[in-house]
Amino acid sequence: MGTERVRSDRLGLLLEQFDCARERAQVRLTGLGDEEHLWEPVPDCWSIRRREEAVTPRAFGPGDWVLDQGAPYIPAGEYAEVARQAADGVSVAKIAEDWSVGVEQVEEILHHSGPPEPEVTPVTTIAWRLAHLHYCFAGEWEWTFGERRRDPKELVDFTPDATLAQERFWAAIDRWRAGVGTVTDEQLDTVGFSQYPYGSDAGEPYHDVLWGANLEFIHHMAEIALLRDLWQARFRTRG
């Protein structure tokens, strides 16, 4: 990307970062087929499944296919963030609400000499990563620029069809990106400009929400890229 394209204003920097990541991600997803989309590299992956075949306790979706979701927990990598929030005066109850966990989990992290034994992070399929991003960004649009009433978990009709999944996904991304492009400087600083119900959006200025959205998109797309590499390498013989 040439330097002449880079904006220096706050919103411009965030959008340039997102647009660059999105461009690379779309190239990386070219040629994704149905088998690869649903490929489970190890047993007990999280994926999308027919409703009657769901194996996780909180799998969700409005249609025939649902997205795996297990019991809520705070990942070990977020313990420092929990401690920072508490030090900044955020209540244990509010932290627990943001993470959809019980207050006892938060208290264990904050008050024990060592962190609680973390849950094992599941390996996921490409379908899961793509569907996760889809409902998150669809929900972010609904609760920032839309009517702020529909549950994000009911917004996306998940599908095993890789081509259709991508068409729907990029349409949702385009709508969210168009909305963000209209945000004013005042709105960037507005706490609660996004009222997305899962997480801490309602208590943060919108520039922090956008920073988090970029991070979410980048890290999930990086994981999808790795899964694509593993798919290509799965039958290669060792030299």
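Mentor: The largest share of the lining of the largest pocket comes from α9, with ten residues. A pocket here is an open set of points on a 1 Å grid over the protein atoms alone, where a 1.4 Å probe fits, with protein on both sides within 12 Å along at least five of seven lines; lining residues have an atom within 4 Å of a point. This is a predicted model, so local features need pLDDT of at least 70 and side-chain atom pairs pLDDT 80 or more, while totals for chains, interfaces and linings use all residues. Residues are numbered from 1 along each chain as its sequence is written, and side-chain values use heavy atoms, without hydrogens or water.

The largest pocket holds about 1,900 Å³ of space, counted as the space filled by probe spheres set on the points. Its lining has 50 residues. Nearest its centre are Glu78, Trp99, Tyr198, Gly199 and Glu216. Two or more lining residues come from each of α3 (79–87), α4 (92–99), α6 and α9 (206–233). Helices are DSSP runs of H or I, at least four residues, and strands are E runs of at least two. By class, the lining has 21 nonpolar, 13 polar and 16 charged residues. Ala, Val, Leu, Ile, Met, Phe, Trp, Tyr, Cys and Pro count as nonpolar, Asp, Glu, Lys and Arg as charged, and the others, Gly among them, as polar.

Now α6, residues 126–142. All 17 of its 17 residues are buried, so α6 is largely enclosed by the rest of the structure. Buried means under 20% relative accessible area (1.4 Å probe, protein chains only).

Tyr135 of α6 pairs with Phe60, which lies in the loop between β1 (48–50) and β2 (65–67), so the contact ties together parts 75 residues apart in sequence. Ring centres are 5.0 Å apart and planes at 75 degrees, so the pair is edge-to-face. Rings of Phe, Tyr and Trp (its six-membered ring) pair if their centres lie within 6.5 Å; planes over 60 degrees apart count as edge-to-face. Phe60 is buried at 7% relative accessible area. Tyr135 is buried at 7% too.

Cys136 is buried at 12%. Its sulfur is 19 Å from the closest cysteine sulfur, in Cys45, too far for a bond.

Methods
Buried < 20%, exposed > 50% of the residue type's maximum accessible area, 1.4 Å probe, protein only. Disulfide = S-S within 2.5 Å. Phe/Tyr/Trp six-rings, centres within 6.5 Å; stacked < 30°, edge-to-face > 60°.
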